[in-house]
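Hi everyone, thanks for having me.

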Amino acid sequence: MTKTIEYSIIPSEIAFHALTTSLYTDRLKAPVREILSNAIDAHNRAKNARAIEIKVPTALDPQFRIRDFGTGLAKEDMHRLYSSLFSSDKNLVRDNEVGGFGVGAKSPFAYTDAFTVESYFNGTHTIYSAFMEGAKAPTLLELFQETTNEPNGLAVSYPVTKKDQAARHAIVKKEVT
């Protein structure tokens, strides 16, 4: 008698490393493409024509930042989507959206060990830090929460090394046009 065995993924440091850090061949370009795609999807979902804000790094402020004005994420959704691989709210039937595998939001880990996500949702602004501690799995930490009048959406930011700043400018220009 033949026995079939289903494959599975064991949550481990190796799995997290492979699916966040090693997944992308172009570690400089991948986070720009993934975060911008998520921002475009969020705008489409919210039916918002407002421009997505993109801040490129400079010598004085090395942070790369994309701020969308989409639907934003409630705290529960933020926790579910940013602290779990393969957790996505795009795997529902939405033909006009990119992605859906639940790894793009974690793509800054391909470039850096830490990034910031700000959620603006229904009058609440919450700041999170996503970071790697050594070889361990990524961690999501809520840093701050306040009431805000800002419109819904997300902002994702991370530092860019001085040597990569010019390349980041070129990547953003290419991705946006």
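The largest nonpolar core here has 24 residues, and the members that touch the most others are Phe 64, Tyr 82, Phe 115, Val 117 and Tyr 158. Keep in mind that we are looking at a predicted model. Which elements give two or more residues to this core? They are helices H2 (30-46) and H3 (75-82), together with strands E2 (63-67), E3 (114-121), E4 (124-131) and E6 (153-159). The largest share, 4 residues, comes from H2. As a bit of background, nonpolar side chains tend to be buried together in soluble globular proteins.

Now let's zoom in on Phe 115. Leaving aside neighbours within four places in sequence, its contacts include Tyr 82, Pro 108, Phe 109, Tyr 128, Val 156 and Tyr 158.

Tyr 158 is also part of our next topic, the aromatic rings. The count comes to 3 aromatic pairs. In one of them, Tyr 111 and Tyr 158 sit 5.9 Å apart, centre to centre, with 50 degrees between the planes, a tilted pair. Tyr 111 is in the loop between H3 and E3, while Tyr 158 is in strand E6, so this pair ties together parts that are 47 residues apart in sequence. Are these two buried or exposed? Tyr 111 is buried, at 19% relative accessible area, just under the 20% cut-off. Tyr 158 is buried too, at 0%.

Finally, the surface. Leu 141, Leu 143 and Phe 144 make a nonpolar patch there, with about 280 Å² of accessible area together. Leu 141 belongs to strand E5 (residues 139-147) and is partly exposed, with a relative accessible area of 39%.

Note on methods:
Residues numbered from 1 in each chain as written. Predicted model: local features only at pLDDT ≥ 70, side-chain atom pairs only at ≥ 80, totals over all residues. Heavy atoms only, no water. Core = buried A, V, L, I, M, F, W, Y, C linked by side-chain atoms within 4.5 Å. Buried < 20%, exposed > 50% of the residue type's maximum accessible area, 1.4 Å probe, protein only. Contact = heavy atoms within 4.5 Å. Patch = residues over 30% accessible without salt bridge, like charges linked within 9 Å, V, L, I, M, F, W, Y side chains within 5 Å. Areas by Shrake-Rupley, 256 points an atom, 1.4 Å probe, with all protein chains shown as cover. Salt bridge = Lys/Arg side-chain N within 4 Å of Asp/Glu carboxyl O. Phe/Tyr/Trp six-rings, centres within 6.5 Å; stacked < 30°, edge-to-face > 60°.
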